[in-house]
Structure formats: structure tokens, C-alpha cells
Amino acid sequence: ADERAPLENVLASETARIAGYLVVESVPLRNTSQQAALGQRTPGIIMVALIERPDRMPYEAWIAHWHGPHREVALATQCTFVYVRNVVVRALTPGAPPWSGIVEEGFPADAVTDPRRWYKAEGSPETLRRNLGRMVESCRAFLDLDRVESHPMSEYRIGD
């Protein structure tokens, strides 16, 4: 958080806008199956979700649901190979959007076009309906879905 200027300068030269945050990171699921060599792209897709704590929910209850029941539902119902949670402590850059959390989840590439794969329901419309329903219910319990941004990205291994 203190010595970030060199990185911000590089990023600013490559994009129109940057937003930086001080976060507390936890990794409920480490990537052990989709490894990349140094300098290479991680197989699959990384979904980055930017979330806000709804005003209707006290902070402690929000964290408790996100880190407890929601974690269990997400890991049980999706074919995720990595799950990283970042609780935002504060914005570091001027004008950064007021996100409360940043989530990184990795999925196999074929899951992007196959909801049954995404929701661990291969061959079963009933399992798809059940798992999707559980996931949406859990998200609605601690998020206002119209206040969530989700972006598909690639991840490159640049160091150990």
C-alpha cells in the first residue's frame, strides 16, 4: 500500500483508469489443477466479481454469510478450481469505486459455454436447476445483485 507508485505508473501508462485497494485476502480454494508455467496463461477463465455490502445488512452479518454459508454453497455447486476472497479495507487510488469485496474464481474454459458444467450438473437438468437456485439464493442473501460487477479475465503467472 505504501510503495505502489512504480506499479501505478506502469498501469497508468497502459490504461485510461486504474483503481487500487488495500485488501485482506483469503484463499478458500487454492489452484492445484490448472497450473501454468512462468510467463504463461493459466488454463481456463478467471471471473472477477466486484461486490458491495448492501445497506440493509450489518457488516459482521455480511462477512459471516460471505465467509460461511456462501463459501460452502459456491464450492459445492460450481466447478471452481480457485476461489480467492478480498475484503476491501480502503481504496488506495483517487476515484476508486466503493467496492466492499473483490472475488476471483477460476473455471475450466468449457464451463463458460456450458451451464451444466459450470454448476456441476453434467447430464442432469434437475441438478442444474437445484445448484443454480442454491447459488442465486445464497448471493441474494448477502448481495444486491444489481450492484455486482463480474468480469471474465485471463491470469498469467509472473512469479512465485
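On one side of helix H5, Pro125, Arg129, Glu137 and Arg140 are exposed, where exposed means over 50% relative accessible area, buried under 20% and partly exposed in between (1.4 Å probe, protein chains only). Helices here (H or I, at least four residues) and strands (E, at least two) are DSSP runs, numbered from the N terminus. The model is a predicted one: local features need pLDDT of at least 70, side-chain atom pairs count only at pLDDT 80 or more, and totals for chains, interfaces and linings use all residues. Residues are numbered from 1 along each chain as its sequence is written, and side-chain values use heavy atoms, with hydrogens and water left out.

The buried set of H5 is Thr127, Leu128, Asn131, Met135, Ser138, Cys139 and Phe142. These cover an arc of only 110° around the axis, which puts them on the same side of H5; the arc is that of the directions from the helix axis to the C-beta atoms. Their packing partners are E2, H2, H3 and helix H4 (115-118), with contact meaning heavy atoms within 4.5 Å. As for length, the 18 residues of H5 should span 26 Å at 1.5 Å a residue, and the end C-alpha atoms are 27 Å apart, which agrees. The expected span is 1.5 Å times one less than the number of residues.

Threonine 127, in helix H5, counts as buried because its relative accessibility is 17%. Its side chain makes a polar contact of 2.9 Å with that of serine 124. Such a contact is a pair of N or O atoms within 3.5 Å; within protein, one must be able to donate a hydrogen and the other to accept it, and residues adjacent in sequence count only if both atoms are side-chain atoms. Leaving aside residues up to four places away in sequence, threonine 127 touches Lys120 and Ala121. Lysine 120 sits in the loop between H4 and H5 and has a positive phi of about 50° although it is not a glycine. Most residues other than glycine have a negative phi.

Helix H2 (residues 59-67) buries Trp62, Ile63, His65 and Trp66. Seen down the axis of H2, the buried residues fall within an arc of 165°, so they line one face of the helix. They pack against strand E2 (45-51), helix H3 (69-77), strand E3 (82-91), strand E4 (101-107) and helix H5 (125-142).

Strand E2 is mostly covered, with seven of its seven residues buried. Ile45, Met47, Ala49 and Ile51 point one way, and Ile46, Val48 and Leu50 the other. E2 runs antiparallel to E4, joined by seven bridges, and antiparallel to strand E5 (residues 149-153), joined by five; strands pair if DSSP finds at least two bridges between them. Valine 48 stands opposite glutamate 104 in E4, while alanine 49 has serine 150 in E5 as its bridge partner.

Five salt bridges turn up in the structure, each a side-chain nitrogen of Lys or Arg within 4 Å of a carboxyl oxygen of Asp or Glu. One of them joins glutamate 52 to arginine 147, with the closest N and O atoms 2.6 Å apart. This pair links distant parts of the chain, 95 residues apart: glutamate 52 in the loop between E2 and H2, arginine 147 in the loop between H5 and E5. Glutamate 52 counts as buried at 16% relative accessibility, and arginine 147 as partly exposed at 43%. Another joins arginine 129 to glutamate 126 at 2.7 Å between the closest N and O atoms; being three residues apart in helix H5, the two are separated by about one helical turn.
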